[in-house]
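Dear colleague,

I am passing this structure on to you, and below it you will find notes on what turned up when I went through it. Please read them with the model open beside you.

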Amino acid sequence: GITVMSETAFQTVAPESAAVEIPVEKSEEVFLEPKENIARNEIYAKAVESSPAAVPVESATALDDSPRKAYVYRRFVLPEFSFRFDQSALTSQAEAALDRISEQLRGEKGWFALRVDGHTDNLGPAPYNVELSYDRAIAYAIHLVMNNGIDPGRVFVKGFGETKPIASNDTPAGRALNRRVELLFLVNAE
């Protein structure tokens, strides 16, 4: 299932489920950059080419080339055990969690876009961590599009590396919490 808990509670106890929903403030805003759209991503294009069994998706929503302001509608955090150490491939627990989340959100019409944010701890070189967090976010996004039928024109990906910790990187438990992927379901700012 999906556990709902505050970010403070999430930081205090490592969650036992593969997905946690963090309640959001309505004012939390993000900017979607067109270049972050998965429909424009080379890794995604190769994945589609090599997988004829992918769930067909409606044609990608046309996006203009200017950044868009949006507000976070719902936020889900998938902790580190949803991928293996130093790898970007999803575990079966991550796939099941993504399937549950997309099933829950499929019927909701309130959101227009999804941004998948990858995060790491501060071990290793910062440029490597940005790349690893981005690769993990891409893997999640590809699964959501190809296995759950989410419109690729509505999916954006960003790798933050070690720049947005939610816990201290001074302890193993804190670093474990910082290694995560967040799904931000977004509503229009207009």
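Leaving aside its neighbours within four places in sequence, which residues is Asp 117 in contact with? They are Ala 137, Lys 158, Phe 160, Arg 180, Val 181, Glu 182 and Leu 184, where contact means heavy atoms within 4.5 Å.

Before going further, please note that this is a predicted model, in which local features need pLDDT of at least 70 and side-chain atom pairs count only at pLDDT 80 or more, whereas totals for chains, interfaces and linings use all residues. Residues are numbered from 1 along each chain as its sequence is written, and side-chain values use heavy atoms, with hydrogens and water left out.

Overall architecture

The secondary structure comes to five helices and seven strands, and read along the sequence these follow the pattern β-α-β-β-α-β-α-β-α-β-α-β; helices (H or I, at least four residues) and strands (E, at least two) are DSSP runs, numbered from the N terminus. Of the 190 residues of the protein, 46% count as buried, with buried meaning under 20% relative accessible area, exposed over 50%, and partly exposed in between (1.4 Å probe, protein chains only). Among the contacts in the protein with a separation of 6 or more, 80% are accounted for by residues 24 or more positions apart. The accessible surface comes to about 9,300 Å², of which 53% belongs to carbon and sulfur atoms; such areas come from the Shrake-Rupley method with a 1.4 Å probe, and for residues only the protein chains shown count as cover.

Strand β7 and its partners

Strand β7 (residues 180-188) is mostly covered, since eight of its nine residues are buried. Nine bridges join β4 to β7, and these two strands run antiparallel; two strands are taken to pair if DSSP finds at least two bridges between them. Within that pairing, Leu 78 stands opposite Val 181 in β7. Strand β5 also pairs with β7 in the antiparallel sense, over seven bridges.

Asp 117, the residue of the opening question, lies in strand β5, and its bridge partner in β7 is Glu 182. Asp 117 counts as buried because its relative accessibility is 3%. Its side chain makes a polar contact with the side chain of Arg 115, at 2.7 Å; a polar contact is a pair of N or O atoms within 3.5 Å, where, within protein, one must be able to donate a hydrogen and the other to accept it, and residues adjacent in sequence count only if both atoms are side-chain atoms.

The aromatic cluster

A search of the whole structure finds two aromatic pairs. Rings of Phe, Tyr and Trp (its six-membered ring) pair if their centres lie within 6.5 Å, and planes under 30 degrees apart count as stacked, over 60 as edge-to-face and the rest as tilted. Phe 76 and Phe 185 form an edge-to-face pair, at 5.8 Å centre to centre and with 85° between the planes. This pair links distant parts of the chain, with Phe 76 in strand β4 (residues 68-79) and Phe 185 in strand β7, 109 residues apart, and both residues are buried.

The rings of Trp 111 and Phe 185 have their centres 5.0 Å apart and their planes at 80°, so this pair is edge-to-face. Here too distant parts of the chain are linked, as Trp 111 is in the loop between α3 (92-106) and β5 (113-119), 74 residues from Phe 185 in β7. Both Trp 111 and Phe 185 are buried, and Phe 76, Trp 111 and Phe 185 form one aromatic cluster. Arg 154 lies over the face of Trp 111, at 4.1 Å from the ring centre; a charge sits over a ring if NZ of Lys or CZ of Arg is within 6 Å of the ring centre and within 35 degrees of the ring normal.

Four bridges join β3 to β4, which run antiparallel, and Leu 32 stands opposite Arg 68 in β4.

Asn 169 is found in the loop between β6 (155-159) and α5 (172-178), and with 13% relative accessibility it counts as buried. A polar atom of the Asn 169 side chain lies 3.4 Å from the backbone nitrogen of Asn 122. Not counting residues up to four places away in sequence, Asn 169 touches Asp 121, Asn 122, Arg 175 and Asn 178.

With best wishes
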